Amino acid sequence: MRVYDFIAIGGGGAGISAAGLVKRAGRRVAVVDHGAVGSLCALNGCNPKKVLVRSSELLDEVHRASDFGIETGEVRVDWSRVIDRKETFTRPVTADTEQSLRSLGIDLIQGDSRFVAADEISVNGQSLRAEGILIATGSMPRRLKFEGADLMHSSDGILALRHPPRRLFIVGAGVVAMEFGQVFARLGSKVTMITPDPRALLEHEPDLVDALLQFSKHELNIDVLARTNIGSVRSEGDEFNIEVESDGRVQCIEADYVLNAAGRPPSIDDLALEAGNVERNGRGVVVDDFLRSRTNHQVFAAGDAHGRMELSPVASYEGGAAARNFLEGDVERVSYDSIPSIVFTVPALATVGWTEASARERGHDVSAVTSDMKDWTVFATAGESIAKAKVIIDSHSGRVFGAHLFGKGADENIHMFAMAIRFGISADELRSMVYAYPTFASALPYTLPEIEGKQELRKAG
Ligand SMILES: Cc1cc2nc3c(=O)[nH]c(=O)nc-3n(C[C@H](O)[C@H](O)[C@H](O)COP(=O)(O)OP(=O)(O)OC[C@H]3O[C@@H](n4cnc5c(N)ncnc54)[C@H](O)[C@@H]3O)c2cc1C
């Protein structure tokens with residue numbers, strides 16, 4: 001039996017950040033992982049995806065270059081080189097992470113872990129006991145049950161694909177589906193995606209999602225079929241025939257590649273949680289606001305393993321919070337109100353805080369304005385054909401409840417609203433700032449509901 005103060009099961013963003021903090025406090029720490037450490041984000045998520053998005057964005061800019069007086073001649077894409085470039089970022093991750101664990105003096109134990117008691121796990125038949133155990137095992141692609149489900153590829157697969165498919169079929173219409181859908185549509189793939197939900201990107205502000213869908217259809221010919229279920233996937237040679245059903249109507253769609261982007265449930269099925277008296281539900285490990293298991297206070301969960309907000313910075317933030325709560329005794333409640341999330345389409349759809357509907361559902365009297373900014377000078381001179389914003393504020397205090405931006409710069413500018421929500425900066429205070437011009441951020445004060453002189457200033461700008 002090996003005894004530690006703290007064990008992180010999972011060497012991704014959540015596990016590594018927690019382990020580092022506890023170790024720096026002088027405690028004995030181990031990280032257990034059954035695969036490659038370094039995080040989904042760095043290996044098969046955020047970073048490699050952003051490499052692909054950037055290449056497709058550049059391709060889009062090159063295609064539009066003549067609008068700006070620049071002739072480029074014939075453009076050829078060598079996607080295999082894009083994947084090579086991606087690998088320059090992903091390849092070193094695991095070795096670098098292992099090295100950093102070693103240099104901190106954290107034990108890395110490779111293998112599958114299972115709870116055998118409230119404070120004890122077994123890895124490869126060896127028992128490890130700790131005062132605190134963090135479940136940071138992340139998530140995995142949803143297992144769908146239909147004929148031919150095993151013919152689908154996960155996001156790991158499409159990130160390694162060296163030749164874009166002629167026709168790409170995506171099961172799901174969430175963030176990952178939108179991002180890969182746009183990347184491959186820009187490379188020339190005919191993209192179709194389906195969702196059983198009434199609309200795509202269900203948790204985002206509907207006005208801006210509609211704008212994204214219209215843009216994706218009009219500019220990139222992406223079809224998004226809502227209220228549609230998959231019946232089967234059958235392979236015929238190199239092709240796939242996909243049967244889908246919508247409102248009782250069955251149709252067949254042909255594709256060369258089928259991507260499973262139907263969400264990622266927590267990866268906790270093999271942990272024997274019941275032996276550790278750790279409660280779980282359909283979303284993941286059930287935790288309180290201090291990230292402790294509600295049924296076993298020695299156990300914490302962070303990141304995708306409890307599925308509250310599946311984002312990389314959230315995993316690291318929660319890993320840190322769990323570590324501090326372990327070391328100092330429930331000193332930090334987690335809060336998600338001011339954490340922005342981005343759909344990395346081109347342009348990006350960025351969101352923070354509440355939608356208009358969710359603010360009203362909470363009983364608030366709100367002012368909400370949707371601004372179409374494409375003709376505003378900063379967007380027009382940049383040659384942007386789409387730019388929208390919707391900001392939701394409290395009608396009485398001017399407190400910012402939520403902001404949703406779709407357009408160039410949205411992924412950076414959303415942080416101004418995140419800061420406003422986090423530190424209680426009101427709409428009036430945001431308006432009172434002087435913004436550098438001509439920047440996309442300089443448009444933001446005019447997106448805040450009820451601004452006097454908006455028209456005149458916009459024309460002048
Ligand atoms: C295609 C894609 C794109 C994404 N893009 C973004 C983005 O742009 N921005 C963003 O913020 N987020 C993005 N995400 C989400 C982000 O990657 C995750 O939310 C984040 O990495 C989760 O971190 P984690 O620490 O919870 O889990 P992970 O980083 O997945 O780490 C979990 C670790 O646990 C290990 N493990 C699992 N089960 C066991 C077990 N039984 N025993 C031992 N070890 C185990 C795994 O091997 C892994 O190393 C993306 C995700 C995907 C799939």
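**Briefing on the predicted model**

Residue V123 belongs to strand β5, which covers residues 120-123. Helices (H or I, at least four residues) and strands (E, at least two) are DSSP runs, numbered from the N terminus. The structure is a predicted model, in which local features need pLDDT of at least 70 and side-chain atom pairs count only at pLDDT 80 or more, while totals for chains, interfaces and linings use all residues. Residues are numbered from 1 along each chain as its sequence is written.

**Residue V123**

- V123 is buried, because 20 other C-beta atoms lie within 10 Å. A residue is termed buried if 20 or more other C-beta atoms lie within 10 Å of its own, exposed if 12 or fewer, and partly exposed in between, with C-beta atoms placed from the backbone.
- When neighbours within four places in sequence are left aside, V123 is in contact with V32, I109, G111, D112, S113 and L128. Contact requires that the C-beta atoms of two residues, placed from the backbone, lie within 7 Å.
- R76 stands 47 residues from V123 along the chain, and the C-alpha atoms of these two residues are separated by 50 Å.

- Strand β2 (29-33) is largely enclosed by the rest of the structure, because five of its five residues are buried.
- Both faces of β2 are covered: V29, V31 and D33 are buried on one side, and A30 and V32 on the other.
- Strand β1 (residues 2-9) runs parallel to β2 and is joined to it by four bridges. Within this pair, A8 stands opposite V31 of β2.

**Domains**

- The chain is assigned domain 1 (2-140 + 265-328), domain 2 (149-260) and domain 3 (341-450). These bounds come from an automatic or database domain assignment.
- Between domain 1 and domain 2, the C-alpha centres lie 27 Å apart. Contacts link 12 residues of domain 1 with 12 residues of domain 2.
- On the side of domain 1 that touches domain 2, the elements giving two or more residues are α3 (46-63) and α4 (79-90). Helix α3 provides the largest share of that side, seven residues.
- The residues on that side of domain 1 comprise seven nonpolar, three polar and two charged. In this division, Ala, Val, Leu, Ile, Met, Phe, Trp, Tyr, Cys and Pro count as nonpolar, Asp, Glu, Lys and Arg as charged, and the others, Gly among them, as polar.

**Surroundings of the ligand**

- The ligand is surrounded by 37 residues, of which the closest are G10, G12, G45, G138 and G303. A residue is near a molecule or strand if its C-beta atom, placed from the backbone, lies within 6 Å of it.
- At least two residues of this shell come from each of α1 (13-24), β2, α2 (40-44), α3 and α9 (312-328).
- The shell around the ligand divides into 15 nonpolar, 16 polar and six charged residues.

**The parallel sheet**

- An open sheet of four strands has the order β9-β8-β7-β13, with parallel pairing. Two strands pair if DSSP finds at least two bridges between them.
- The strands β9 (223-225) and β13 (257-260) stand at the edges with a single partner strand each, so one side of each has no neighbour in the sheet. From one strand to the next, the twist averages 20°.
- Three bridges pair β8 (residues 190-194) with β9 in the parallel sense. The bridge partner of I194 in β9 is L225.
- Helix α7 (residues 175-186) packs on this sheet and touches β7 (167-171), β8 and β13, and its direction makes about 165° with that of β8. Axes are lines fitted to C-alpha atoms, for helices over the stretch in contact, and angles run from 0 to 180 degrees between N-to-C directions.

**The antiparallel sheet**

- A sheet of five strands is open, antiparallel in its pairing and ordered β17-β18-β21-β20-β19.
- Its edge strands, β17 (341-343) and β19 (366-372), each pair on one side only. On average, neighbouring strands of this sheet are turned by 10° against each other, direction ignored.
- Seven bridges pair β19 with β20 (residues 387-394) in the antiparallel sense. In β20, I392 is the bridge partner of A368.

**Residue A359**

- A359 is found in helix α10 (residues 356-361). This residue counts as partly exposed because it has 19 C-beta neighbours inside 10 Å.
- Apart from neighbours within four places in sequence, A359 is in contact with W354, H364, V366, I392, F401 and G402.
- The C-alpha atoms of A359 and M419 are separated by 18 Å, and the two residues are 60 residues apart along the chain.
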